[in-house]
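Work through the exercises below with the sequence and the model at hand. Each task is followed by a solution in steps.

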Amino acid sequence: MDIVQVESLRKHYGALTAVDGVTFAVHKGECFGLLGPNGAGKTTTIRMLYGYTPRDAGTLELFGLDIDRDIREIKKRIGLCQQEDSLDPDLTVRDNLVGYARYFSIPKPQAQQRADELLEFFALQGRAKDRISVLSGGLKRRLMLARALVNNPDLLILDEPTTGLDPQSRQLLWDKLAALKGQGLTILLTTHYMEEAERLCDRLVIVDHGRILIEGKPLALIRERVGHSVLEITEPDRQVRDFLAGEECRVEDLGNRLLVYLDDGDQLFLKLTSQVRAEGCTLRPASLEDLFLKLTGRELRE
Amino acid sequence: MNWPKPSQISHRTLRVWQRNFSVYRRTWKISFLPPLIEPLLYILAFGVGLAVLVGEFHYAGRQLSYTVFIAPALVSVAIMYNAFFECTYNSFVRMYYQKTFDALLATPLNLEEIILGEMLWAATKSVIATTLMGTVISLCGLFEFPGALLLIPLALLGGLLFAALGMICTALVPGIETFNLPIFLGITPMFLFSGTFFPLQNLPGWAQSVAQLLPLTHLVALVRGCALQFWSASLWLSLLYLLTATAILLPLAIALMVRRIVK
């Protein structure tokens, strides 16, 4: 049985179509990514999943339960880490967890035990009595994540969990998420960090303008749509362009930079660097970012 | 606009109340001071300073000192202030700046319960203030018993009414600074012209009629009637006014907040 089943989901705000017929499913135990540029409809989709935003059309089922009929039961089993900090500044770190457990009707002794477990898991024990206002961005995000787990959810929903964090905090959070996934937790993640998605997601969709552009496993999608590797040439001159014109390859011309998508082998790269020029030529593995930009375009969004 | 249905409200409403109560309890020593000290300051200022000028006067068939006259009004104003300010500034901060409602919406609670819980808490603050102030004023010998005991249920009712009015403002204001407007246009005139510091009869006829529309007028009438044991049939009309207004404004406040937050 799928944990999440979304079918033909739609949401309009006046003339703007935020979500335009989205269909996907999240299987038990996997980490599923919802990728897209800013304003693609990721957060709106997430908000419809837990009933925050009413949908205009489509069906939503979580844990096999219909969202219109069993919203409370569904919300009991979801852990949600929102994009914006919504920690309670009037409470201490530990009380943020214990107090949140109360909304799930978890008895106090269990809530306290769970809070201590989570503080330890996220290395926050030392800060248990601190007020929220003295925490750094990274600590706050760890606490947000800990709070999302207070009810032992069957599904963890993360809306851009590492936006605005420093590399250390991001790495730590990724490790913790990987560990949670290892314990069998189902995760639904939105992000626009491709490295994050590549590292965590078993399957993903890329959305733009409220529509799903592509769905699949990250590596398979990259291989299929981009290739094995990418040859980057900065400041290409006439000679380089003439050389590439004579070769069988896909070239993307960005003006002061050329991207050449290669299926496998490094013959073209070797030929180019030995016969034409080596300077400014780099061969690297194709990444999710290549795929993302290929699908959603390079122009700025906001 | 979607009006709340009774089926949407569960025991979880109390969790919101509990959250605010536990925060309040952390600072209760400071929170308790204003309702204890404020009446003493007023009684000192009016009882010692102003009462000398006013002297004793005739009210509802009895000779009254000015201090006795205004003591119930102080409690009524406290009921209004505690509930109204809790559901305006404090609720707005929780909704808009602290994102507390957003966090709660990810739990089994629904928005209707969150808003109702906020208003119940605001009314509770009115009850706490009334109990503390009432005790101080009673110790000064200004209230009569057992009538004054009715102030506690009155504080709950009045608290809910002014909480609903505050929440309606919260649902409608574009930003936190806009609260000045309902305070300047509604709360301050009510504070002055609801039979608080002088009998309504001293107003010109048309102004008396306007004052009869104000919720604080009826709360003051009831609180004064109970605390000083001035029983009259018109108190039933005031009670009916408060009950009707609360029964309409409470669900209206929830519906307007849902309209504001759910998009």
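**Exercise 1.** Determine the handedness of the crossing of H5(B) and H10(B), and describe the contact there.

Solution. Step 1: the crossing of H5(B) and H10(B) is right-handed; a crossing is left-handed if the near helix is turned anticlockwise from the far one by less than a right angle, and right-handed if clockwise. Step 2: helix H5 covers residues 111-139 of chain B and helix H10 residues 234-261 of chain B, and their axes come within 9 Å and cross at roughly 130 degrees. Axes are lines fitted to C-alpha atoms, for helices over the stretch in contact, with angles from 0 to 180 degrees between N-to-C directions. Helices (H or I, at least four residues) and strands (E, at least two) are DSSP runs, numbered from the N terminus. Step 3: H5(B) and H10(B) are therefore oblique to each other, given that angles under 35 degrees count as roughly parallel, over 145 as roughly antiparallel, 65 to 115 as roughly perpendicular and the rest as oblique. Step 4: from H5(B), the residues B:Leu111, B:Glu112, B:Ile115, B:Leu116 and B:Met119 meet B:Leu250, B:Ala253, B:Ile254, B:Met257, B:Val258 and B:Ile261 of H10(B). Two residues are in contact if their C-beta atoms, placed from the backbone, lie within 7 Å. Step 5: by class, this contact has 10 nonpolar, no polar and 1 charged residues. Ala, Val, Leu, Ile, Met, Phe, Trp, Tyr, Cys and Pro count as nonpolar, Asp, Glu, Lys and Arg as charged, and the others, Gly among them, as polar.

The model is predicted: local features need pLDDT of at least 70 and side-chain atom pairs count only at pLDDT 80 or more, while totals for chains, interfaces and linings use all residues. Residues are numbered from 1 along each chain as its sequence is written, and chains are lettered from A and ligands numbered from 1 in the order in which they are written.

**Exercise 2.** How are H6(B) and H9(B) oriented to each other?

Solution. Step 1: the axes of H6(B) and helix H9 (residues 215-227) of chain B cross at roughly 175 degrees and come within 10 Å. Step 2: the two helices are therefore roughly antiparallel. Step 3: B:Leu151, B:Leu154, B:Gly158 and B:Leu161 in H6(B) meet B:Pro215, B:Leu219, B:Leu222, B:Val223, B:Cys226 and B:Ala227 in H9(B). Step 4: these residues comprise 9 nonpolar, 1 polar and no charged.

**Exercise 3.** Which domains make up chain A, and how do domain 1 and domain 2 meet?

Solution. Step 1: chain A is divided into domain 1 (2-77 + 154-222), domain 2 (89-152) and domain 3 (227-286), with bounds from an automatic or database domain assignment. Step 2: 9 residues of domain 1 of chain A are in contact with 10 residues of domain 2 of chain A. Step 3: on the domain 1 side, helix H6 (residues 167-182) of chain A supplies the largest share, 3 residues. Step 4: that side has 4 nonpolar, 2 polar and 3 charged residues.
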